[in-house]
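Reader: I would like a close look at one part of this protein, namely its charged side chains and how they pair with one another. Please take me through them carefully.

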Amino acid sequence: MDNLVDQLRRLRDKSGAAFVMSDIPGCGVGALDHVYHPLAKDHADEFRLAPFTVIVDPERLRMIMPEKADEWVRIAPDAGGFSVLDVTGGYTIAR
């Protein structure tokens, strides 16, 4: 976590980044518990986090999590075929 925080500070302070996105390899299992929530809890005074966004193929989500897929995926008619996932209470666009 310290390395991530140092990298975020460097991007902000030296590169002038106002917004940082990161790709979590694989399924991103544990990303909320091990990255997002600790940043929100321990560094809220320093970083403002956007809603946790997941981009997923709805059919693959149904294959690996059939009991949750229909609860999480909401079709967004104006999003060009993308779906909307509600992961942290904020809606995010996904495909």
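Author: A residue is called exposed when its relative accessible area is over 50%, buried when that area is under 20%, and partly exposed in between. Aspartate 13 therefore counts as exposed, since its relative accessibility is 53%. In this predicted model, aspartate 13 forms a salt bridge with arginine 12, and the closest N and O atoms of the two are 2.7 Å apart. Arginine 12 itself has a relative accessibility of 30%, so this residue counts as partly exposed.

A further pair is found in helix α1, which spans residues 2-13 and holds both aspartate 6 and arginine 9, three residues apart, or about one turn of the helix. The side chains of aspartate 6 and arginine 9 meet in a salt bridge, at 3.6 Å from N to O. Aspartate 6 is partly exposed at 39% relative accessibility, and arginine 9 is likewise partly exposed at 29%.

These two pairs belong to a network of salt bridges that links Asp6, Arg9, Arg12, Asp13 and Glu46. Another salt bridge joins the side chains of lysine 41 and aspartate 42, with 3.8 Å from N to O; here lysine 41 is exposed, with a relative accessible area of 70%, while aspartate 42 is partly exposed at 46%.

As for the setting, the whole structure contains five salt bridges, and the protein chain has four helices and three strands, which run α-α-α-α-β-β-β from the N terminus on. Of the 95 residues of the chain, 25% count as buried.

Note on methods:
Residues numbered from 1 in each chain as written. Predicted model: local features only at pLDDT ≥ 70, side-chain atom pairs only at ≥ 80, totals over all residues. Heavy atoms only, no water. Helix = DSSP H or I, 4+ residues; strand = E, 2+ residues; numbered from the N terminus. Buried < 20%, exposed > 50% of the residue type's maximum accessible area, 1.4 Å probe, protein only. Salt bridge = Lys/Arg side-chain N within 4 Å of Asp/Glu carboxyl O.
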